[in-house]
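Subject: Structure handover

Hello,

Here is the structure I said I would pass on. Please open it first, then read my notes beside it.

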Amino acid sequence: MPDDPTRPDSPRSLAREPEPYPFVPYRPERLSPERMRARAEEFYARMDQRRSVRHFSADPVPRALIELAIRTASTAPSGAHRQPWTFVAVSDPGIKREIRLAAEAEERETYARRMSDEWREALRPLGTDASKPYLELVPWIVVAFEQRHGVDDDGGKIKHFYVKESVGLACGLFIAAVHTMGLVTLTHTPSPMGFLTKILGRPEHERPFILFPVGYPAADARVPDLQRKSLDEVSAWDPPRGDAARDR
Ligand code: IYR
């Protein structure tokens, strides 16, 4: 048998660091170009319908759907596959109220004093303010925490890598999952968010990252009439080298 370093029992891999994960074949089905195109169009069209919503319904959402969104989030790639996130799901009305009151207190301070004029100006078209009634109304609040490090069975620290990138990716997948099941959410970042660590009893090495109210949109929900940047505005294709571009 040839020396295949992807095989855990090959001589070369035995000579290296211990392999924590044995390699297994990965052979996803290869789609026809037509099906690839159709699936890509369908996924894009669906994701392009997603909007951040601030007008929620109080209608209940089964826990199983929130579990699926968290499972989906947790499929995200992460630095050294450490999966440095904890998603804390809250349906208890008392805790939701506590979160609302603490978030509004921080937001009042933020809107009144902490925001720069430039920031306030940027938010004006979105019509946001310090009032967050939806935090009490929604069936679920899910708070994504970043784990600055992990903890092993003996209480020792496990190093985590690219924590913000990893948790950001997981949150993106969470949002996509929520949207695809017909629910809505909002990336809410009351700042500072330290109160969430306390209210939710999280350990010191976890930091709140994004708070997601999740539910159905209100029957009369409205969103700002915003446009997305065009493909041209968000991409560059085979760009000339930086120095060549300067010489043109
Ligand atoms: N966290 C505040 C302010 C806010 C900031 C940005 I940047 C937004 O895109 C929206 C809101 C709030 O939630 O109101």
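This is a predicted model: local features need pLDDT of at least 70, side-chain atom pairs count only at pLDDT 80 or more; totals for chains, interfaces and linings use all residues.

Helix α3 covers residues 63-73 and α7 covers residues 163-180. The two pack at an angle of about 145 degrees, and their axes are 7 Å apart. On the α3 side, the contact is made by Leu68, Ala69, Ile70, Thr72 and Ala73. On the α7 side, Ala170, Cys171, Leu173, Phe174, Ala177 and Val178 take part. By class, this contact has 10 nonpolar residues, 1 polar residue and no charged ones.

Which residues of α3 are buried? They are Ile66, Ala69, Ile70 and Ala73. Seen down the axis of α3, these buried residues fall within an arc of 95 degrees, so they line one face of the helix. Ala64 and Glu67, on the other side of α3, are exposed. The cover over the buried residues includes α7 and the strands β1 (85-90), β2 (140-147) and β6 (206-215).

Strand β2 contains Phe145. Phe145 has 23 other C-beta atoms within 10 Å, and 20 or more count as buried, so Phe145 is buried. Leaving out residues up to four places away in sequence, Phe145 touches Trp85, Thr86, Val88, Arg202, Glu206, Arg207, Pro208 and Phe209. Phe209 is 64 residues from Phe145 in sequence, but C-alpha to C-alpha they are 5.1 Å apart in space.

Next, the ligand. Its surroundings consist of Glu107, Leu123, Leu126, Thr128, His188, Thr189, Pro190 and Ser191. By class, this shell has 3 nonpolar, 4 polar and 1 charged residues.

Ser191 also belongs to a backbone detail: a cis peptide bond joins Ser191 and Pro192, with omega of about 0 degrees. Pro192 lies in the loop between β5 (184-185) and α8 (194-199). For background, most peptide bonds are trans, and most residues other than glycine have a negative phi.

Gln83, in the loop between α3 and β1, has a positive phi of about 45 degrees although it is not a glycine. Tyr162 is not a glycine either, and has a positive phi of about 45 degrees; Tyr162 sits in the loop between β4 (157-159) and α7. Gln83 counts as partly exposed, with 19 C-beta neighbours inside 10 Å. Tyr162 has 15 such neighbours and counts as partly exposed.

Regards

Note on methods: Residues are numbered from 1 along each chain as its sequence is written. A residue is near a molecule or strand if its C-beta atom, placed from the backbone, lies within 6 Å of it. Ala, Val, Leu, Ile, Met, Phe, Trp, Tyr, Cys and Pro count as nonpolar, Asp, Glu, Lys and Arg as charged, and the others, Gly among them, as polar. Axes are lines fitted to C-alpha atoms, for helices over the stretch in contact, and angles run from 0 to 180 degrees between N-to-C directions. Helices (H or I, at least four residues) and strands (E, at least two) are DSSP runs, numbered from the N terminus. Two residues are in contact if their C-beta atoms, placed from the backbone, lie within 7 Å. A residue is buried if 20 or more other C-beta atoms lie within 10 Å of its own, exposed if 12 or fewer, and partly exposed in between; C-beta atoms are placed from the backbone. The arc is that of the directions from the helix axis to the C-beta atoms.
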